[in-house]
Amino acid sequence: MPRPEPSFITFSIDGREVQAPENTMLVDAAKLGDVEIPVFCYEPKIGAPVGACRMCLVEIEGIPKLQTGCSTPVKDGMVVHTQTDRVKAAQESVVEFLLINHPLDCPVCDKGGECPLQDISFGWGGGRSRFIEPKRHFQKPLNLSPLIAIDRERCIMCYRCVRFSQEVAEDYQLVLHDRGAATYVGTFDGHPYVAPFSGNIIELCPVGALTSQPYRFRARPWDIEGAGSVCTLCPAQCNVTFTVRDERVLRVLARENGEVDDGWLCDKGRFAYQAVHVDDRIVRPLLRDGGELRPVSWERALDEAAAALRRAGARTGALAGGETTNEEGFLLQRLLREALGSEHLDSAGGLPPAALHALARPDLQATVADLEWAHTVLVLGTEPVDDMPIVDLRIRKGVRRHRANLAVATPRPSSLDPNASLSVRYAPGGEAAFVAALAAALFGGELDGPARDAGADPDGVRALAELLRTGGEDVVVLYGAQLLGAGPSVAPALLKIAGALNVAGRAGAGLLAVPGGTNGRGLAEAGVLPGMGPGYAPVAGGGVARGTEEIAAGLAAGELTALYLLHCDPVRALPRRARWQRALDKATTVVAHAQFLTEGLAEHATVVFPAESYAEKEGTLTHPDGRLQRLRQAIGRQGDAAPEWWVLAELAKRLGHDLGILTGPMASAQLFAAVPFYAGLSLDAIGPQGVRWADAGDGAGAAAFPAPAELPAGGEPPAAAAPNGALRLGTFRSIWAAPEVERSPALKFLHPRQRVEMAPDDAARLGLAHGDKVAVGADGASVHAVVALRNASPAGSVFLEDGIPADAANLLDGPLVDIRKA
């Protein structure tokens, strides 16, 4: 639905005339008049107010009883008093009541110094206690989970944590046990509260009842400072505040940005900061000597890398991973193109550049906030909780609060299926055919053939098209960008779908891609694409321009001799691991920037430069909806690590080409000047909340976007493989499949081991049960896994985890696999 236009009214509070949007809750409207009404239970992010704590009682003329400010909407002419004797007596009584059982733990409580209960006790409490009876006691602290400690004696029963679990994350794990004074918070069966977003309850808790296990007793509020930046661990790019003490990150908090994250963080973004300070992080340059990587000086590492790249020249390829900033990607493509004369570089995992350009049109772009307000949302070929976690919460919010119609079309069962009005499955490998079938259902054309080729039910595709057509005007299609790699017909079909739904140029509707890496969109716009420079400009001179697949083939064939890897290990991150191992075996030089020695780099890298962590970086990222966001350095670089823009500039200088970069902001300025639709932007203009380039300069950014070439139809989409007694192979990457999770002490227990998800009927046919150890094989290769039965899994297909160090799905090329007991 369209976002409601606010209608302003005037009301009086403590003698002050205040203008506020009508129906705003009194607690929020009072702030516009510089009046603070104390609250404990109220948190608008969670949902409708419940008025549980009674701390916000106020007097309203014309109403005999005191009213809760958190649940009373303001109306025109309303007269409110917050300083009368009745109000003060009520607020003092509430504070006294809350402190009856609250222990005097302030000197040893992690919340001390930043505790709302402390502040409200000083500001609105009576300053004395009449309670002399014994307080209630619980065993303390308990491990609510490996990440969260709970002290039930401190709990004031505000219900925030329980409401978050039930109304926001919808994991329904936290409940209230018992009744009256014996009530306490826990999980239904005492099982640890492990969920993708569990850490948010730590920040929601207004007292010290819920505390972070990794942060407990690490610092006091007067020992620390906060540094705002952006999380780079997934494409959601949530805004964060690093809690820093003595150049160490001790905690990560949400920094609310309603257009990006709605004030929430996933547990990976909240706790993976520990990887910044682990012992096995690379903090000095490494050079392969005698078959082993050994620490060397910066001068030697730069000289060796420059000499090797000079020998390779135009026979150098480069790949940039998702955590690369816009500036680093921009300088990398300058290094390759200007200093080495090579056009062989990519950042999109082999996705077609023309398709990325066509689908990046500003009139087609939806925003994250549109997911909340749209009439209908289609999730196509992506699992938000794994690929872009915070978007999962935004979609749930749209369904719960605004009754959005949700449709899910994926090969693997989705966590959003229970919320969806319609869920449609298609077979792994049938992505292109399914998109073609949906386009035909909306636009006209043959439907049954492509649907059957996709392994989907034609009637299900028709029902999906009908829902999209009739579900309302504002439609947002959230699609996995990796769909574009399924065949050249996918992008034209997506454009057809957008045309049939009339989303072009419509505010509140459009397409939103979930890239495979954090900054996938920004790197494409910065020119890290084969044959396309900054701003999707065609590269002058033509010639052969190799993408990801062609770079691997060129290395294996000896046509390329050097590979530059910027935050990327293709052996772990890209499909067809065996082919990349062969390619890297043939390469004479592999130069890499990395924080950790993952398996591909440990075996093949020639020179490894220490990469900055996201807490040490400066620069910009581009959100999937086109919002440029600014990374700010929060701590000093660890060990001998250096800025990566400096490393790229130094290499170019040693190769005889000065990039003219002396500082990080100079790299940003060059980027903004080189990309036409970034013109007029600056680091100051981007600011703490970011700016969408399409909206910058009164739409000048959108006007400067180069018109994409018309895409060819792409021919017949490939059909999904027929099982013929075997099983189709699908892959997925869990939210926890990341080197940062693997190395963070607090999160290590969540790092996944291989499991094969399959339908119970397929398992019964093969004589397998849940938990059995099996070998999954194809073409002589195999991985070991544990059977995980899912009732919703489509028959004839199995799903393996990718992005893990051992037994990863990319060891198998598929499309069919056999399974046997190990």
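This is a predicted model: local features need pLDDT of at least 70, side-chain atom pairs count only at pLDDT 80 or more; totals for chains, interfaces and linings use all residues.
## Helix α8

Helix α8 spans residues 326–339 and contains 14 residues. From its first C-alpha to its last the distance is 19 Å, close to the 20 Å expected at 1.5 Å a residue.

Most of α8 is covered, with 12 of its 14 residues buried. The buried set consists of N326, E327, E328, G329, F330, L331, L332, Q333, R334, L335, L336 and R337. An α-helix has 3.6 residues a turn, so residues three or four places apart point the same way. Just after α8, G341 has a positive phi of about 70°.

## Cis peptide bonds

Most residues other than glycine have a negative phi, and most peptide bonds are trans. The bond joining K140 and P141 is cis, with omega about -20°. P141 sits in the loop between α3 (116–124) and β6 (142–143).

A cis bond also runs from G814 to P815, where omega is near 5°. P815 is placed in the loop between β33 (797–801) and β34 (816–821).

N23 is not a glycine, yet its phi is positive at about 75°. The residue belongs to the loop between β2 (16–21) and α1 (26–31). N23 has a relative accessible area of 41% and is therefore partly exposed.

M157, also a residue other than glycine, has a positive phi near 60°. Its position is in the loop between β7 (148–150) and α4 (160–168). M157 counts as buried because its relative accessible area is 17%, under the 20% cut-off.

Conventions: Residues are numbered from 1 along each chain as its sequence is written. Side-chain values use heavy atoms; hydrogens and water are left out. Helices (H or I, at least four residues) and strands (E, at least two) are DSSP runs, numbered from the N terminus. The expected span of a helix is 1.5 Å times one less than its number of residues. Buried means under 20% relative accessible area, exposed over 50%, partly exposed in between (1.4 Å probe, protein chains only).
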